[in-house]
Amino acid sequence: MRLYSVEVEKAVERIRKIGAKTVCIQLPDGMKPYAKEIADAVEMETKARVLIWLGSNFGACDMPLGLNKMGIDLLISWGHNVFHKKEGW
Amino acid sequence: MVTVDVMFLDAPYSGSVELSKDTIRYLQDQKFKRVGLYASVQFVNNLERVEKRLEELGIAAVTSRADRTHVKGQLLGCDNYHDSLRLEEDIDCYLYIGDGRFHPLALVYGQKDSTKMKEIVCNDPIQKKMTLMGIDDIKNILKKYRGSLMKFFTSKTVGILVTIKPGQEQLRPALELEKKYPDKRFYIFVDNVISFDQLENFNFIDVWVNTACPRVGFDDQEKFMRGVINLNDALLAQEVLSKDSVFNNLPSATRR
């Protein structure tokens with residue numbers, strides 16, 4: 001049994017809903033081996049091209065910059081949820 | 001700013017989230033009556049069985065929604081300073097539900113300025129076992145950190161590290177340091193992910209202040225030849241160093 005649910009169906013639903021053409025997927029280190037399965041499933045079930053973020057994903061505070069310049073419509077980030085930034089700490 | 005649509009998927013744990021036998025035995029043996037219950041995002045939405053078991057054991061579970069989280073009871077690795085959890089109630093210990101050491105260590109670091117440290121009981125639903133965390137897990141790092149803080153106090157030339165990541169960028173709060181310490185010369189360095197291998201090229205810096213992820217000051221302490229402290233401790237250096245706290249009464253350092 002897989003330890004964590006990747007919930008690809010939710011990703012596919014969102015991609016279809018917004019008609020995303022190019023999607024970037026971002027995974028924390030422990031889930032990076034799932035990238036193949038996610039990319040294969042998303043590309044099979046939607047018309048979107050999947051790009052895989054190579055670098056860090058320390059938390060929801062750690063979003064890649066500049067994706068819009070490459071025409072990426074949607075970033076899907078696994079293993080985190082909405083982060084409320086606080087100024088100062 | 002990130003201007004593309006962003007979707008988060010929690011990746012919840014697929015198995016059953018329960019207290020292990022040794023966790024239950026320990027909580028009972030210690031006669032704990034009130035625990036601060038926290039979990040990482042993979043487990044936090046599935047704590048019903050844990051809460052029910054605690055209730056059966058006569059143990060009250062209290063929790064809070066930490067500053068930067070979206071869900072009550074969720075623990076982030078950056079909840080590592082005293083007031084970020086916003087926990088109002090007094091507790092006998094913390095009970096962390098999840099795997100790994102990264103998240104529960106935040107609860108240990110978060111108590112460094114307290115007079116006494118509450119134990120962290122870590123219940124791992126995957127391995128079905130319990131581990132304990134406390135001052136012994138961080139005392140060697142805190143010794144170095146304390147040395148860096150004392151060095152900051154006397155340093156004239158300080159490097160401030162600011163990240164461009166929107167979720168972590170803290171340039172404006174970093175500038176407060178210049179007002180607080182007019183006798184020091186601060187140089188501000190900008191990066192995406194902190195390039196530890198570049199630090200020594202700037203050999204005129206006496207000590208570094210981290211304003212990116214608050215865990216960098218602790219977890220990456222050994223990567224800074226000249227020492228590093230976190231922004232919040234830099235702003236309150238004198239107060240932090242003069243408190244009657246765990247931080248100022250550390251047990252003897254041991255080799256790891």
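This is a predicted model: local features need pLDDT of at least 70, side-chain atom pairs count only at pLDDT 80 or more; totals for chains, interfaces and linings use all residues.

Modeller: Residues are numbered from 1 along each chain as its sequence is written, while chains are lettered from A and ligands numbered from 1 in the order in which they are written.

Biologist: How many helices and strands are in chain B?
Modeller: Chain B has nine helices and 10 strands, which are DSSP runs numbered from the N terminus (helices: H or I, at least four residues; strands: E, at least two).

Biologist: And how many of its residues are buried?
Modeller: Of 256 residues in chain B, 40% are buried, meaning that 20 or more other C-beta atoms, placed from the backbone, lie within 10 Å of the residue's own.

Biologist: Now the interface: how many residues of chain A are in contact with chain B?
Modeller: In chain A, 40 residues are in contact with 36 residues of chain B, where contact requires C-beta atoms, placed from the backbone, within 7 Å.

Biologist: Which element supplies the largest share on the chain A side?
Modeller: β3(A) does, with five residues. Both α1 (8–18) and β3 (74–78) of chain A supply at least two residues each.

Biologist: In which sense do β3(A) and β1 of chain B pair?
Modeller: β3(A) pairs with β1 (residues 5–9) of chain B in the parallel sense, over five bridges; pairing requires at least two DSSP bridges between the strands.

Biologist: What is the bridge partner of Leu75(A) in β1(B)?
Modeller: Val6(B) is the partner of Leu75(A) there.

How values were computed. A residue is buried if 20 or more other C-beta atoms lie within 10 Å of its own, exposed if 12 or fewer, and partly exposed in between; C-beta atoms are placed from the backbone. Two residues are in contact if their C-beta atoms, placed from the backbone, lie within 7 Å.
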